[in-house]
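Open the model in your viewer and keep the sequence panel beside it. The tour goes stop by stop: what to select, then what is there.

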Amino acid sequence: MKKQILTTAVAGTILMSNFFGGFAEAASISSLKDQQNQIEKEKSEISSTINDADKQINSLNEQQSDVKEQMTRIDMAIGDTHKKISDKTAELEETKAEITRLQEEIKVTKERIEKRNELLKERARNYQETGGMVSYLDVLMGSQNFSDFIDRANAVATIMEADQDILKQHEADKKSLEENQAKLEEELASVQTMLADLDKLNQQLNAQRAEQDQLLATLEQQEEEIHEHKMELQEEAQLLAAQSAAIQKAIALEQKRQEEAAAAAAAAAAAAANNNSGSGNGGGESTSPQPPTAPVSSGAFTMPANGTFTSGFGGRWGATHFGIDIANRAAGVPIWAAADGVVIQSYLSSSYGNVVFIAHSINGQTYTTVYAHMETRFVSSGAVVRKGQQIGIMGNTGESTGKHLHFELHRGEWNSSKSNAINPVGIVPMP
């Protein structure tokens with residue numbers, strides 16, 4: 001009879017301890033506190049890294065401002081160069097038009113020179129044929145009277161003076177022609193040289209502008225990458241904070257379990273000492289908890305979902321796959337907690353999609369399980385869950401290419417490097 005009562009008391013103690021499963025059975029408060037201290041240390045390191053990221057972002061913003069100011073100066077220089085090119089192009093066109101006009105004048109001047117040349121040649125022939133001044137003497141001696149002589153003398157003087165004027169004009173036209181040609185050639189060469197220099201400057205400025213564009217794009221890309229890294233760090237910091245809270249809750253549950261276990265043991269001992277009569281089998285009501293609807297395995301873990309095993313732990317697509325994938329095309333496929341534990345965090349992640357993190361302590365070892373890409377989540381952060389309890393529905397959220405559960409198992413706490421990730425196959429039952 002005493003043996004029966006003692007067995008009943010022990011069974012009650014076991015049922016009480018199963019309220020929190022692995023946490024209540026084996027994990028010591030001291031080890032949980034040690035893990036919490038480690039998490040706080042990691043949180044501090046992440047906070048420092050986030051501060052460093054903020055400094056880098058500020059530095060990149062300052063560099064971007066400097067680059068934008070430089071780009072503004074280059075744009076102004078390019079605009080000024082374009083205006084100068086436009087002005088010089090117009091000047092070149094005017095010079096070309098002036099050249100065309102002068103070419104017409106030169107043509108006329110050449111024609112004039114040719115006519116004078118013919119006239120001078122004719123005069124020279126006459127001079128040669130008449131012996132120089134003889135023709136002029138004939139003109140003078142052929143006068144009828146003195147008045148006619150005066151008129152003829154004036155005419156001869158006028159003709160001789162005209163000959164001198166022709167020669168002077170001839171020389172002046174030749175000199176003007178040469179000067180105009182030299183001047184135009186000089187102006188044209190100057191404008192063309194200046195245009196070439198401006199074109200070269202414009203090319204240099206455009207090259208500098210392209211370099212600044214590339215530099216700005218690089219700085220913006222770096223800032224975007226740091227922002228993404230910062231968001232990942234913030235997400236990890238939030239997760240660590242949630243893990244710390246979950247462990248704090250686990251400590252409270254462990255303390256409560258120890259108190260209840262001690263009380264149950266004391267009650268069992270008192271009942272065994274004071275039991276002097278046969279008391280039957282203790283009634284017909286069972287104190288066992290209601291079995292969950294999931295096909296719960298007898299070990300510490302149960303499978304997290306029904307479906308087809310589609311991808312394992314390890315190398316995949318040139319990277320490491322830190323979990324396993326279970327796919328199922330049916331509607332409303334339930335996701336179950338793999339073991340008793342505390343929900344660290346339940347939220348919508350950019351990569352994991354709808355995801356739940358759960359902390360467990362089994363046989364003195366802390367584990368973290370991750371359930372990703374769910375369509376719907378049924379549990380909230382901080383909730384205490386039982387093995388086999390439905391925590392969501394299989395889905396295709398986040399960085400996912402099809403409806404499936406991505407399941408991870410970590411020995412210890414989860415971290416962004418996933419250095420604690422282990423292959424769940426052989427530890428957690430699979431479909």
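Start at K418. This residue is buried, with a relative accessible area of 17%; buried means under 20% relative accessible area, exposed over 50%, and partly exposed in between, with a 1.4 Å probe and protein chains only. K418 lies in the loop between β12 and β13. Strands such as these are DSSP runs of E with at least two residues, helices are runs of H or I with at least four, and both are numbered from the N terminus. Check the backbone too: K418 is not a glycine, yet has a positive phi of about 55°. Most residues other than glycine have a negative phi.

Before moving on, note what you are looking at. This is a predicted model, where local features need pLDDT of at least 70 and side-chain atom pairs count only at pLDDT 80 or more, while totals for chains, interfaces and linings use all residues. Residues are numbered from 1 along each chain as its sequence is written, and side-chain values use heavy atoms, with hydrogens and water left out.

**Stop two: W317**

Select W317, in the loop between β2 (314-316) and β3 (319-321). W317 also has a positive phi of about 55° without being a glycine. Is W317 buried or exposed? W317 is exposed, at a relative accessible area of 73%.

**Stop three: strand β12**

Select residues 404-411, which make up strand β12. Seven of the eight residues of β12 are buried, so the strand is mostly covered. Now look for its partners. Two strands count as paired if DSSP finds at least two bridges between them.

- β13 (residues 421-422) joins β12 through two bridges, running antiparallel. L409 has I422 in β13 as its bridge partner.
- β4 (residues 324-327) joins β12 through four bridges, again antiparallel. I324 stands opposite F407 in β12.
- β8 joins β12 through six bridges, also antiparallel. V370 is partnered with E408 in β12, and Y367 with R411 in β12.

Strands of a sheet pair through backbone hydrogen bonds, either parallel or antiparallel.

Move to residues 365-374, strand β8. How many of the 10 residues of β8 are buried? Nine are, so β8 is largely enclosed by the rest of the structure.

Find A359, which stands opposite T368 in β8. β7 and β8 form a hairpin with two residues between them. In that turn, click N363: its phi is positive, about 55°.

Stay in β7 and select V356. V356 counts as buried because its relative accessibility is 0%.

**Stop five: the three-stranded sheet**

Which strands form the open sheet, and in what order? Three strands do, in the order β5-β11-β9, with antiparallel pairing. β5 (334-336) and β9 (376-377) are the edge strands, each pairing on one side only.

Show β11 (residues 390-393), which pairs with β9 over two bridges. T376 has I393 in β11 as its bridge partner. Then turn to β5, which pairs with β11 over three bridges. Here W336 stands opposite Q390 in β11.

**Last stop: an acidic patch on the surface**

Select E224, E225, E228 and E232. These four gather in a patch of negative charge on the surface. A patch is made of residues with over 30% relative accessible area and no salt bridge; like charges are joined within 9 Å, and nonpolar side chains (Val, Leu, Ile, Met, Phe, Trp, Tyr) within 5 Å. A salt bridge is a side-chain nitrogen of Lys or Arg within 4 Å of a carboxyl oxygen of Asp or Glu. Asp and Glu count as negative, Lys and Arg as positive, and His and the chain ends are not counted. The charge is placed at CD of Glu, CG of Asp, NZ of Lys or CZ of Arg. Accessible areas come from the Shrake-Rupley method with a 1.4 Å probe.

Finish on E232, in helix α5 (residues 146-274). E232 counts as exposed because its relative accessibility is 52%.
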